[in-house]
Amino acid sequence: MARIFSGIQPTGIPTLGNYLGAIRNWVTLQAEHECIFCLVDLHAITQFQDPATLARQTREQAAVLLACGIDPAGHIFFNQSAVSAHARLAWIFNCVARLGWLNRMTQFKDKAGKDREAQSAGLYVYPNLMAADILAYHATQVPVGDDQRQHVELTNDIAQKFNHDYGVDFFPEVAALIPPTAARVMSLRDGTKKMSKSDPSDQSRINLTDDADQIALKIRRAKTDPKPLPADPAGLEGRAEARNLIDIYTALSGETRQGVLDRFGGGGFGPFKEALAAVLVEHLAPIAAETQRLLRDEPAIDAVLRDGAGRAGAVAEPIVREAERLVGFLR
């Protein structure tokens, strides 16, 4: 059984984009894989986080993932900072990775923007920490979006260089597990941008904690264009917002684009938006309700994370201690 590692930053509330692009797939993977799911709070502080907010959002994120179907008993679910092996192996990898490799990482360039000199060193080297997250467990598969494929390649570069430098065959090769049907959900305000939990506008996204009224209102306000819906998928070309709403519907209903357009093509967006809101509420309202139930018992959430951290440490500790021994650290 393959061991899978995957993490999500505990900042902001997970969105419909996170759910369709990653979380729903995590739940499915639990049936046939050994899964390690992590709230990557060490990654979160590469950009300043208010401490009280980070603690609150870590619990909220945990509650949402549990409500979505993550099984903390059958698999491992914890927050990253509770297992010191991550940070210890990341430092070793900081000394293995080459600056030239990090300079090729496009996500740093995207996040840093024009003001690179003002960014934290952590933001620059966080791909090394990501490699440590994976390799501390000898995970061999990582479910990622296509935009994260580069980080998996870096993980393999680091593993190969470590093995070469120390004359061992210790860290395994890691494969990017990119679901062929993973939905790429775009902003409700701009169909050319990904839906993001960090977007300043709450109207740009569906949060997994939104209630039925909030979902319906956001869909009614979602940006569209003045043309009617087309009769076939080819008519969605150049219409980013229309395509995004159709794709959200297909991702949740399991229908094809053509099947949806057979019913709604030729009409305005009003009836379609009503149907889309109903499908969203059907899928997401139970998640929001269960999240709120879980959050009423914060000690129970903390206990789940603490238990997960203990079991994660039991896996990672011997692997990282052996890496430290190979490097030459005395115990």
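Student: Where does Arg189 lie?

Tutor: Arg189 sits in the loop between strand 5 (175–177) and helix 9 (212–221). Bear in mind that this is a predicted model.

Student: Why is Arg189 called partly exposed?

Tutor: The relative accessible area of Arg189 is 39%. Buried would need under 20% and exposed over 50%. A value of 39% falls in between, so Arg189 is partly exposed.

Student: Which residues gather with Arg189 in a patch of positive charge?

Tutor: Arg220, Arg221 and Lys223 gather with Arg189 on the surface. Lys and Arg count as positive, so the charge of this patch is positive. A patch takes residues with over 30% relative accessible area, and Arg189 has 39%.

Student: What makes the phi of His138 worth a remark?

Tutor: His138 has a positive phi of about 50 degrees, although it is not a glycine. His138 is in the loop between helix 7 (121–135) and strand 4 (141–143).

Student: Is His138 buried, partly exposed or exposed, and why?

Tutor: The relative accessibility of His138 is 24%. The cut-off for buried is under 20% and for exposed over 50%, so His138 counts as partly exposed.

Student: How do you know that Tyr249 and Phe264 form an aromatic pair, and of which kind?

Tutor: The structure holds 10 aromatic pairs, and this is one of them. The ring centres of Tyr249 and Phe264 are 6.1 Å apart, and the limit for a pair is 6.5 Å. Their planes are at 65 degrees; over 60 counts as edge-to-face, so the pair is edge-to-face. Tyr249 is in helix 10 (residues 240–253) and Phe264 in helix 11 (residues 257–264), 15 residues apart.

Student: What makes the pair of Phe264 and Phe272 stacked, tilted or edge-to-face?

Tutor: The centres of Phe264 and Phe272 are 5.3 Å apart and the planes are at 70 degrees. Planes over 60 degrees apart count as edge-to-face, so this pair is edge-to-face.

Student: How do you know whether Phe264 and Phe272 are buried or exposed?

Tutor: Phe264 has a relative accessibility of 14%, and Phe272 has a relative accessible area of 0%. Buried means under 20%, so Phe264 is buried, and so is Phe272.

Student: What makes the contact of Glu34 and Arg3 a salt bridge?

Tutor: The side chains of Glu34 and Arg3 meet at 3.1 Å, N to O. A salt bridge needs a side-chain nitrogen of Lys or Arg within 4 Å of a carboxyl oxygen of Asp or Glu, so the contact qualifies. Glu34 is in strand 2 (residues 34–39) and Arg3 in strand 1 (residues 3–8), 31 residues apart. The structure holds 17 salt bridges.

Student: How do you know that Arg325 and Glu322 meet in a salt bridge?

Tutor: The N to O distance between their side chains is 2.7 Å. The limit is 4 Å, so Arg325 and Glu322 form a salt bridge. Both residues lie in helix 13 (residues 298–327), 3 residues apart, which is about one turn of the helix.

Notes
Residues are numbered from 1 along each chain as its sequence is written. This is a predicted model: local features need pLDDT of at least 70, side-chain atom pairs count only at pLDDT 80 or more; totals for chains, interfaces and linings use all residues. Side-chain values use heavy atoms; hydrogens and water are left out. Helices (H or I, at least four residues) and strands (E, at least two) are DSSP runs, numbered from the N terminus. Buried means under 20% relative accessible area, exposed over 50%, partly exposed in between (1.4 Å probe, protein chains only). Patches are made of residues with over 30% relative accessible area and no salt bridge: like charges are joined within 9 Å, nonpolar side chains (Val, Leu, Ile, Met, Phe, Trp, Tyr) within 5 Å. Accessible areas come from the Shrake-Rupley method with a 1.4 Å probe; for residues, only the protein chains shown count as cover. The place of a charge is taken as NZ of Lys, CZ of Arg, CG of Asp or CD of Glu. Rings of Phe, Tyr and Trp (its six-membered ring) pair if their centres lie within 6.5 Å; planes under 30 degrees apart count as stacked, over 60 as edge-to-face and the rest as tilted.
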